[in-house]
Amino acid sequence: MTLQLQRGEGAAVGLQSIQVRLQWKVPDASPTLDLDVSIFLLGANGKLPEDEFFVFYNNLSSPDGAVRHTGDEKGDQAGEMDEELIEVVFGKLDARIQELVFVVTIHEGESSGLTFGQVQEAGLHIVNQATGEEMMKYELNEDFSIETAVTIGKFVKRGEAWRFLAIGDGSRGGLREYLEVYN
């Protein structure tokens, strides 16, 4: 049974190997939306230990091999679900890493005038890598009519265990804003 999380809720992961599926639907009547998923692997100070711990479409794997992005989904089929996949092996994470922050941005959203208000059925699904069973999900139900980026959620290390927190905070600054915060 899948645990349905709401904004602000969290749950223990309890596995060493998961897949994170970020999904959304491109509306029939909207311009093509290209959403990109980025993962910031942060130390205890809330910053990237090194630039290579920023995983995105131009850097598909963390230096420790623990986080692997399977590539950019272009979102070119109106009316169909699109998906980007990230594999996480918690036991392989560099000892400095305390958080994994998942951010979804609209490619060139600021210059194109596209916002998350035009995105349908966006959500994050956490899947047991070994069995393919969905463990938990968080669907963005908030109105992000002016935002071009959303921190959808994060994994936080507590002792030796990992916990997922559903965030759902939007931003108008795009990816650049997050790079300034976490770098």
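A: K157 is buried yet makes no salt bridge. The nearest side chain of opposite charge, E160, is 4.1 Å away. A salt bridge here needs a side-chain nitrogen of Lys or Arg within 4 Å of a carboxyl oxygen of Asp or Glu. Lys and Arg count as positive, Asp and Glu as negative; His and the chain ends are not counted. Buried means under 20% relative accessible area, exposed over 50%, partly exposed in between (1.4 Å probe, protein chains only).

This is a predicted model, where local features need pLDDT of at least 70 and side-chain atom pairs pLDDT 80 or more, while totals for chains, interfaces and linings use all residues. Residues are numbered from 1 along each chain as its sequence is written, and side-chain values use heavy atoms, without hydrogens or water.

K157 sits in strand β11 (residues 149–158). Strands (E, at least two residues) are DSSP runs, numbered from the N terminus. Setting aside neighbours within four places in sequence, K157 contacts I97, Q98 and W162. Contact means heavy atoms within 4.5 Å.

H125 is in strand β9 (residues 120–128). H125 is buried too, at 10% relative accessible area. Its side chain makes a polar contact of 3.0 Å with that of Q23. A polar contact is a pair of N or O atoms within 3.5 Å; within protein, one must be able to donate a hydrogen and the other to accept it, and residues adjacent in sequence count only if both atoms are side-chain atoms.

β3 gives the most, with three. The volume is about 40 Å³. A cavity is a set of points on a 1 Å grid over the protein atoms alone where a 1.4 Å probe fits but cannot get out; lining residues have an atom within 4 Å of a point. Grid points are joined across faces, edges and corners, and the volume is the space filled by probe spheres set on them.

Now the salt bridges. The structure holds six. D169 pairs with R7, the closest N and O atoms being 2.6 Å apart. This pair links distant parts of the chain, 162 residues apart: D169 is in strand β12 (residues 161–171), R7 in the loop between β1 (3–5) and β2 (10–12). D169 is partly exposed at 37%, and R7 is partly exposed at 44%. D94 and R96 meet at 3.0 Å, N to O. E50, D94 and R96 are linked in a network of salt bridges.

Key. Helix = DSSP H or I, 4+ residues; strand = E, 2+ residues; numbered from the N terminus. 1 Å grid on protein atoms, 1.4 Å probe; cavity = no way out; pocket = protein on both sides within 12 Å on 5 of 7 lines; lining within 4 Å.
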